[in-house]
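Here are some notes for a colleague opening this structure for the first time. Please keep the model in view while reading the points below.

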Amino acid sequence: MMVSRLGLMALLLSGCAASNPLPAIFDGPNLHTKIQGQGRPGVVLESGAGDGIDSWTGLSARLADKTTVFSYQRSRRGGEPRTGAQVAEQLLDTLRQKGMDPPYILVGHSIGGPFVLSFAKRYPDLVAGLVLVDGRPPGFKAACEAGGGTMCDIPAWALMLTEPWVRAEVQGLPATYAELGDLARLPAVPAVVISATEPPPLSNAAFMTAWLAQQREMARSLPQARYVQADGSGHYVHKERTDLVAREILTLVRAAGQTANNSLNKPAPQARGL
């Protein structure tokens, strides 16, 4: 049986969950992708571990009325732990192969949160904005354990039930966080940190206390981030509160478009005589 989602590890923590069959996936430029809509800046959707294009169906349709939306299925190759820098490199190769020109508004859910931060650090000039949809904060595990939380990390037995490519991403998280370093030193682009408020299965109150505190800390640490709390939502905020997530993304799209227009309309400096 395949475990399909990290979902703040919610589904993994509650055991095995069946998923919709995924299409055949290959590496490199042949990753399964979907492009909808038209406009710039384009929105790039980075899913949680085990999820793919279908996770974004409702949100991507909403966004595609306003701009170009790119979603894809990450590499399904297992083996060695995979870091955010490696994910970012492959994502950029795929975006170029598909003709998706920068700048990008990057949207990351769950483990996709640190992955889009990795992209921003590696390719700062290509990023116009960041939206973290209940993204996993770097300091969460330590804060959760210190506060007496339960299920602060995915149990080893549950990880062994996942597909090899999911294990590779989860096992690469410590290296991903180490690569990111101080979040305050990431590119100073507009960012939104959206947090769920409903706890995953088998967790306790201390888990959720640490989760919310670390979401706020992540927003404080990023150079230009706002914190948005999706009250009443579980981990899949983009499914349960689609309107909220779409609104925050499109706010960044409009702001980035306005910035680009202002740059284009700025008068050229006058030459000065000697």
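Are F207 and W211 buried or exposed? Both F207 and W211 are buried, where buried means under 20% relative accessible area, exposed over 50%, and partly exposed in between (1.4 Å probe, protein chains only).

1. Basis of the notes. This is a predicted model, in which local features need pLDDT of at least 70 and side-chain atom pairs count only at pLDDT 80 or more, while totals for chains, interfaces and linings use all residues. Residues are numbered from 1 along each chain as its sequence is written, and side-chain values use heavy atoms, with hydrogens and water left out.

2. Aromatic pairs around W211. Searching the whole structure gives six aromatic pairs. Rings of Phe, Tyr and Trp (its six-membered ring) pair if their centres lie within 6.5 Å; planes under 30 degrees apart count as stacked, over 60 as edge-to-face and the rest as tilted. One of the pairs is F140 with W211, which is edge-to-face at 4.9 Å centre to centre and 80° between the planes. F140 belongs to helix α5 (residues 140-146) and W211 to helix α9 (residues 205-221), so this pair ties together parts that are 71 residues apart in sequence. Helices (H or I, at least four residues) and strands (E, at least two) are DSSP runs, numbered from the N terminus. Both F140 and W211 are buried.

3. F207 and W211 form a stacked pair, with 6.4 Å centre to centre and 10° between the planes. About one helical turn separates F207 and W211, because they are four residues apart in helix α9. Elsewhere, ring pairs link Y104, F119 and Y123 into a cluster.

4. G149. This residue sits in the loop between α5 and α6 (156-160). G149 counts as buried because its relative accessibility is 19%. From G149 to F207 the C-alpha to C-alpha distance is 4.4 Å, although the two are 58 residues apart in sequence. Leaving aside residues up to four places away in sequence, G149 touches C144, N204, A206 and F207; contact means heavy atoms within 4.5 Å.

5. The disulfide. The whole structure holds one disulfide, defined as a pair of cysteine sulfur atoms within 2.5 Å. C144 and C152 form it, with their sulfur atoms 2.1 Å apart. The disulfide is left-handed because the torsion about the S-S bond of C144 and C152 is about -70°. C144 is buried at a relative accessible area of 0%, and C152 is buried at 5%.

6. α4 against α8. Helix α4 (residues 112-122) packs on helix α8 (residues 173-180) at an angle of about 35°, the axes being 10 Å apart. Axes are lines fitted to C-alpha atoms, for helices over the stretch in contact, and angles run from 0 to 180 degrees between N-to-C directions. On the α4 side the residues are P114, F115, L117, S118 and K121, and they meet L173, T176, Y177, E179 and L180 in α8. By class, this contact of α4 with α8 has six nonpolar, two polar and two charged residues; Ala, Val, Leu, Ile, Met, Phe, Trp, Tyr, Cys and Pro count as nonpolar, Asp, Glu, Lys and Arg as charged, and the others, Gly among them, as polar.

7. Helix α7. Helix α7 (residues 164-171) is largely enclosed by the rest of the structure, because six of its eight residues are buried. These buried residues are W165, V166, R167, A168, E169 and V170. Their cover includes α4, α6 and α8.
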